Amino acid sequence: MTIDIDDYRDVWVFVEQHEGDAAPVSWELLSKGRELADETGESLIALVMGDGVSHLAEEAVARGADHALLADDPVFEPYRADPYGEQFRALVEERKPSIVLIGGTHTGRDFAGRVAVPAHAGLTADCTELAVDDEGLLLASRPTFGGDAMATIKCPSHRPQMATVRAGVFDASEATKDDVDAAAAVEEVNVVVTEEDTLSTVIERVVSDVVDITDADVVVAGGAGAEGDFEPIVELAEALGGEVAASRAAVDEGWVEPARQVGQTGKTVRPHLYIAAGISGAVQHLEGMNDSDYVVAVNTDPNAAIFEHADYGIVGDLHEVLPALTAMIREK
Ligand code: FAD
């Protein structure tokens, strides 16, 4: 398919929502999208789909979008890949965005291909870095070869340039534009899908009880130094109202479920407080927690690399240090 790439403009961010609440990755992408749009001199457009979600389109404008497109219809609730994919595809065909960013969530991964394939566009999945080059081309980077290398992918000849992006890798945008009439910057678009066109029906929605550590304010992570006994880590996490996480070494040993792994091949977390206990500080682990506000490391080895990345370090056995911390916190 031959296209004129000069016809394609603007940076689009998909605002993912569930029952009217935005997924945090949406605001993370909006802040990154703002940077990219400023660099390319284009507009930042938020795309919101759902039923009764105009408040999110307005919030996207308050958080930095120049304009929001709103597809508001009962067909979009609950989420299904076919109406989302078809509506998004039709808007892309009509409006011709240059860059499209979608959260690398279950939802984003589920329907992004339905937009990219008919557009004959490339789609870089699970990106952890985004930039634009001198010509305004999107540089989408992601771990490759099982995390041994980073691949930076650009797409010179097709549009839109699409990426799904891992949650937690960018700062979320804040609502800063109090003085603008956000509603005036929201355009309700023509909904092109109907219930009759939609092949799938949702019979039951079961919310998975698999933990999501990416939103936690406090994370207490254990590593190989726990030597199979995660009790002190669990206890401290409970006392602090935080989540338990782990290095890959601890996950590989089967001490902790894979959903709690932090790092290059696990989750990216940005909590206010990250406690790393019995974790050496390998580069692949650091990649998943280096943007935490405060890092506390507990390690028996005073030369452990994790101390170079910690705000506070305690040289000691986690089986002694953590219970003492837990007892102090519980006493307060
Ligand atoms: P170790 O490196 O074995 O460190 C254990 C630490 O515990 C040591 O510093 C030791 O001094 C300390 N210690 C021992 N006993 C105690 C005690 N009683 N009290 C306190 N401290 C104690 N790793 C990740 O974590 N996440 C990833 O996503 C990830 N992805 C990877 C992807 C690839 C492609 C590769 C090659 C590797 C990846 N790794 C990842 C693995 C990574 O390289 C390290 O091997 C791993 O992070 C080490 O885990 P650890 O720090 O728990 O264990």
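I began with the lining of the largest pocket, to which β2 (17-18), β3 (21-22), α1 (24-40), α4 and β9 (138-144) each supply at least two residues; the model is a predicted one. Among the elements, α4 gives the most to this lining, with four residues.

I then looked up the volume of the largest pocket, which comes to about 1500 Å³. Its lining counts 50 residues, and those closest to the centre are Glu16, Thr105, His106, Thr107 and Asp212. Sorting the lining by class, I noted 18 nonpolar, 17 polar and 15 charged residues.

Helix α3 (residues 81-95) and helix α4 (residues 106-116) pack at an angle of about 40°, and their axes are 8 Å apart; the crossing of α3 and α4 is right-handed. From α3 the contact takes in Ala81, Asp82, Tyr84, Gly85, Phe88, Arg89 and Val92, while from α4 it takes in Asp110, Phe111, Arg114 and Val115. I recorded six nonpolar residues, one polar and four charged for this contact.

My last entry concerns Ala175, which sits in the loop between β11 (161-165) and β12 (186-188). Leaving aside residues up to four places away in sequence, Ala175 touches Ala62 and Arg63. I also noted that Ala175 and Trp27, 148 residues apart in sequence, are 9.6 Å apart in space, C-alpha to C-alpha.

Terms used: Residues are numbered from 1 along each chain as its sequence is written. This is a predicted model: local features need pLDDT of at least 70, side-chain atom pairs count only at pLDDT 80 or more; totals for chains, interfaces and linings use all residues. Side-chain values use heavy atoms; hydrogens and water are left out. Axes are lines fitted to C-alpha atoms, for helices over the stretch in contact, and angles run from 0 to 180 degrees between N-to-C directions. A crossing is left-handed if the near helix is turned anticlockwise from the far one by less than a right angle, and right-handed if clockwise. Contact means heavy atoms within 4.5 Å. Ala, Val, Leu, Ile, Met, Phe, Trp, Tyr, Cys and Pro count as nonpolar, Asp, Glu, Lys and Arg as charged, and the others, Gly among them, as polar. On a 1 Å grid over the protein atoms alone, a cavity is a set of points where a 1.4 Å probe fits but cannot get out, and a pocket is an open set with protein on both sides within 12 Å along at least five of seven lines; lining residues have an atom within 4 Å of a point. Grid points are joined across faces, edges and corners, and a volume is the space filled by probe spheres set on the points.
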